[in-house]
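Subject: Structure for you to look at

Hello,

Here is the structure I said I would pass on. Please open it first, then read the notes below it.

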Amino acid sequence: MSIISSNIKYLRKKKGLTQQQFADQIGIKRSLVGAYEEQRAEPKYDLLKTIASFFEISIDDFINETIDDKWAPKPKGNPANLRVLSISVDKDDNENIELVPMKASAGYLNGYADPEYVAQLPKFYLPMFNQGTYRAFEIKGDSMLPLPSGAIIIGQYVDNWAEVKPGETYVVISKNDGVVYKRIGNKFRDNKKLKLISDNPVYEPYEISGEDVLEIWMAKGYISTQLPQPTPEPTMESLTSMMAQMQRSISKLQGNN
């Protein structure tokens, strides 16, 4: 029996529900519950999230952990930051990628949890992004060069903030800073500050309070109308600078030895 099928069966019985009662509560046919529990079919991702929410556990634990009498949920940070994500689907039941344009970023802070607001956002579908939930954000400014202002970052929703990886880039939604695209400088810890780093060295790193964070999306790709420029031929000045840097590095290594 798969993890998902055994988890559905265990959690349903723990709540004292028959297959019919459970099916009625989540809005599906009883035959589907039987098929899921007997491993004859698997729920689609949006239904998995509905079931996980019904049992008040994270989607990550629901699909990856064997839930039984000995199981205990992993710490997820401040419970106030955990919620069911609002999504939209197309006519074939595929999750859309909603686009948050620059002009809509301020409104997103108020509407990110509102299904009606999310449904009104521009949306598209890309078949290579079919595992997980994705959203696209248009970025502004030159803090993340070489990505230009106006580029669209496609991010995958991070449910468990403890899994944020330092050194990787994310779209971070926070109460005070709004929508920003940055490189993360440290692991997320509840009630601790999160360090955000720009790839453009002109901008200094800064920290935001973990309590201010609303959503985190791991960058998985980008769309831009500006194509990469060819690498310029090295000049005498750039070669001289490179040689000087190499000499400094060698001298430093020799000094350490």
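A salt bridge here is a side-chain nitrogen of Lys or Arg within 4 Å of a carboxyl oxygen of Asp or Glu. Arg40 and Glu38 meet this rule, with 2.9 Å from N to O. Arg40 is exposed, because its relative accessible area is 57% and the cut-off for exposed is over 50%. Please keep in mind that this is a predicted model.

Salt bridges

By the rule above, the count comes to 5 salt bridges. One of them joins Glu37 to Arg12, whose closest N and O atoms are 2.5 Å apart. Glu37 belongs to helix 3 (residues 30-37) and Arg12 to helix 1 (residues 3-14), so this pair ties together parts that are 25 residues apart in sequence. Are these two residues buried or exposed? Both Glu37 and Arg12 are buried.

Another salt bridge is formed by Arg183 and Asp199, with 2.8 Å between the closest N and O atoms. This pair links distant parts of the chain, 16 residues apart: Arg183 is in strand 6 (residues 178-184), while Asp199 is in the loop between strand 7 (193-197) and strand 8. Arg183 has 27% relative accessibility and therefore counts as partly exposed. Asp199 is also partly exposed, at 32%.

In what order do the 9 strands lie in the open sheet? The order is 2-1-3-4-9-5-6-7-8, and the pairing is mixed. At the edges are strand 2 (123-124) and strand 8 (206-209), each of which pairs on one side only. In general, strands of a sheet pair through backbone hydrogen bonds, either parallel or antiparallel. Strand 1 (residues 97-100) and strand 3 (residues 134-138) run parallel and are joined by 3 bridges. Glu98 stands opposite Arg135 in strand 3.

Surface patches

Two patches on the surface can be looked up in the model.

- Positive charge: Lys165, Lys187, Arg189 and Lys220 gather in one patch. Lys220 is in strand 9 (residues 213-223), and its 40% relative accessibility makes Lys220 partly exposed.
- Nonpolar: Met243, Met246 and Ile250 make a patch of about 290 Å². Met243 is in helix 8 (residues 236-256) and counts as partly exposed, because its relative accessibility is 46%.

Regards

Terms used:
Residues numbered from 1 in each chain as written. Predicted model: local features only at pLDDT ≥ 70, side-chain atom pairs only at ≥ 80, totals over all residues. Heavy atoms only, no water. Patch = residues over 30% accessible without salt bridge, like charges linked within 9 Å, V, L, I, M, F, W, Y side chains within 5 Å. Areas by Shrake-Rupley, 256 points an atom, 1.4 Å probe, with all protein chains shown as cover. Helix = DSSP H or I, 4+ residues; strand = E, 2+ residues; numbered from the N terminus. Buried < 20%, exposed > 50% of the residue type's maximum accessible area, 1.4 Å probe, protein only. Pairing = 2+ DSSP bridges. Lys, Arg positive; Asp, Glu negative; His and termini not counted. Charge placed at Lys NZ, Arg CZ, Asp CG, Glu CD.
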